[in-house]
Amino acid sequence: MSDYINQNADYWIKKLDLQPHPEGGYYKEIFRSGNEIYRESESRKACTSIYYLISDNDFSAFHRLKSDELWYFHKGEPIFIHVINPKGIYQCIELSDSDSGSLQAIIPPDSWFAAEIPGGAGFALTSCAVAPGFEFSEFEMGDKQLLINEFPEHRELLMKLCRSL
């Protein structure tokens, strides 16, 4: 009999050897390009890719990158990706295989974004590709109070999906 009916968050965390991510959820880097590009005189890998999983009430806290990030839906519940661009314009992207969702989402550089399972139950398995490649030195966790000061119109969402005080 297939393990399909037993595939839950724990199954995928173990199968893919996922580790806790600082923004929430679990991840594993699966690709780091051998090709390099230069940004601001510094060498960067052309592209990186990870598996990323969130479950139940866990979430990917507001953060931003200096690169484009592409999310790809694989399995599980729909995810809402909340994006606030540098001008404060909000967008919610449903990442899912349902009629109302998209199988991929593009997050522009310097946008603040967070992700959650809107029903707060189940799991979602995705992949994320970053180009130029992800470097923790270009990753910024959102400070709740600073973001609320900058985007007071999004206070309720920021209170819910930021980890810092």
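**One residue in its setting**

A: In this predicted model, buried residues, meaning those under 20% relative accessible area with a 1.4 Å probe and protein chains only, make up 44% of the 165 residues. Numbering starts from 1 along each chain as its sequence is written, and side-chain values use heavy atoms, with hydrogens and water left out. Local features need pLDDT of at least 70 and side-chain atom pairs count only at pLDDT 80 or more, whereas totals for chains, interfaces and linings use all residues.

The protein has 3 helices and 13 strands, taken as DSSP runs (H or I of at least four residues for helices, E of at least two for strands) and numbered from the N terminus. Of the contacts with a separation of 6 or more, 70% are accounted for by residues 24 or more positions apart, contact meaning heavy atoms within 4.5 Å.

The part to examine is Glu138, placed in the loop between strand 12 (123–131) and strand 13 (139–141). Glu138 counts as buried because its relative accessibility is 10%. Its side chain makes a polar contact with the side chain of Arg44 at 2.9 Å; such a contact is a pair of N or O atoms within 3.5 Å, where, within protein, one must be able to donate a hydrogen and the other to accept it, and residues adjacent in sequence count only if both atoms are side-chain atoms.

Technical notes. Buried means under 20% relative accessible area, exposed over 50%, partly exposed in between (1.4 Å probe, protein chains only).
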